[in-house]
Amino acid sequence: MTAEIGLIGLGTMGAALALNIVENGFETAVYNRTWSRTEEFMGSAGDLASRLQPSETLKDFVSSLASPRNIILMVPAGKPVDDMIAQLQPLLDQDDLIIDAGNANFRDSRRRAFEAKNTGQPFLGIGVSGGEEGARKGPSIMGGGEKSAWDRVAHILTAISAKFGDTACSTYMGTDGAGHFVKTVHNGIEYADMQMIAEVYGIMRDGLGMDSAAIAAVFARWNQGPLQSYLIEISGQVAAATDPATGKPMLDVILDAAGQKGTGRWTAIEALHLAAPATTIESAVAARNLSSRLSERAQGEAIFGAAPQPVDFDGIIDLLEQALLAGKIACYAQGFGLLRAASDEFSWDLPMAEVARVWRSGCIIRSAMLDDMADALTKTPDLNLMFAPDFAHRLKESHQGLRQVIAKAALSGAPVPALSAALSYFDTMRTARGTANMIQGQRDFFGAHGFVRLDDGTSGNHGPWAM
Ligand code: 6PG
């Protein structure tokens, strides 16, 4: 047997992806650094094992693949990917394709793509979203690299990907690091969606004194409406769960310090580099960082007293729903704005509507709203999403809810950093005459940096404060 595709790295995601590929009818060669893990994986593969070809050495693995070879790497991002490429290269032929399907930093994928171009060896960097379940049953796939390399494996990626109706959630995004950039922004939005949900959870728990079961019921109800999404759905399930050891709600036994592997942070860093503000995502990353400062927060509470204090929250549940809707639209507007800026900077020509389309199913941020975003971006791909008629309409109806929630949260002392960032972005982007004239005046005052006059449009002007 010669396998049509090979996969290296049988960790949780790699193992799930290999089973998905083989189940879709592609003979698959597999290799893992440790043979014991490969044996364990083969033992768990059930009926699918007969179509898997495991190898104990990299050399045997390469020999078990049909030429030209297609090899997916599912090893940890960073140095392990470079090390594996270096080990593979002497064993490969010129037209053998390496596909990095891990959560790579897009800058690494760019570098690897350019290095591959120099050596003539094809390379793809693909973003794969959906966690273990997605990898096994159908992830969302965002491709980057040479289009000819993508075309070679597109039929496999299409087959294994999630489907939205009849449409496969697997798309070529652009050259070099485009696929991993889109995946990174997906993760940044994932952070923001999760943080905004956590903020409204905090208001329900602390401001309204609701127990987890009541909170779970609210999330379950919201999941039937315009907020319908995987993250709202699982938030309800998390809130509804009981700790088998203590009988307490699971949420009450989980430490309030969020982990992170770094992709959200990369999104915020790239947003700053590109001068494409993604303030809701930036706030969500900062909130995760602050969540880990447990003793410092306890110190603050000892000095200033616990926040939040309950205030008049009558009717707030409906307002919270509106707040999440408005916050989400503002956040996605920033995410798509960031994608646009990167597309221009790196000459990717990112297909904006397609990005929304591949996020409709399989990935962590999948939601009903993404289908409408895909429609809006098809009609007006270059327009700020908040200004697309459908979303402008929704914002007109929901921004007051967001505003009231933030006002009440501020008065009670409940931190709502991501929702606040979303509202400030919305308000900034509907203020034609802003306040940066003051900043320009200050800059000119202390540094003679000059300013543009409003009346005649001339630049390099100075104020009467010049020494
Ligand atoms: C996905 C997820 C996944 C991510 C985890 C954890 O799309 O499947 O984004 O890629 O690694 O969600 O991310 P953090 O550890 O950074 O929260």
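Reply: Let's start with the largest cavity, whose lining is made up of Asp193, Met196, Ile197, Leu227, Ser229, Leu231, Ile232, Leu324 and Lys328. Keep in mind that this is a predicted model, where local features need pLDDT of at least 70, side-chain atom pairs count only at pLDDT 80 or more, and totals for chains, interfaces and linings use all residues. Residues are numbered from 1 along each chain as its sequence is written, and side-chain values use heavy atoms, with hydrogens and water left out.

What's a cavity here? On a 1 Å grid over the protein atoms alone, it's a set of points where a 1.4 Å probe fits but cannot get out; a pocket is an open set with protein on both sides within 12 Å along at least five of seven lines, and lining residues have an atom within 4 Å of a point. The largest cavity has a volume of about 70 Å³ (grid points are joined across faces, edges and corners, and the volume is the space filled by probe spheres set on the points).

Three helices each supply at least two residues of that lining: helix 8 (178–207), helix 10 (230–240) and helix 14 (316–345). Helix 8 gives the most, with 3 residues. (Helices, H or I with at least four residues, and strands, E with at least two, are DSSP runs numbered from the N terminus.) By class, the lining has 6 nonpolar, 1 polar and 2 charged residues; Ala, Val, Leu, Ile, Met, Phe, Trp, Tyr, Cys and Pro count as nonpolar, Asp, Glu, Lys and Arg as charged, and the others, Gly among them, as polar.

The count comes to 2 cavities of 30 Å³ or more. The second largest cavity holds about 30 Å³ of space, and around it sit Leu17, Ile72, Ile126, Val128, Pro139, Ile141, Leu157 and Ile160. Strand 6 (123–129) and helix 7 (147–160) are the elements giving two or more residues to that lining. Its classes come out as 8 nonpolar, no polar and no charged residues.

The contact takes 27 residues from domain 1 and 23 residues from domain 2, where contact means heavy atoms within 4.5 Å.
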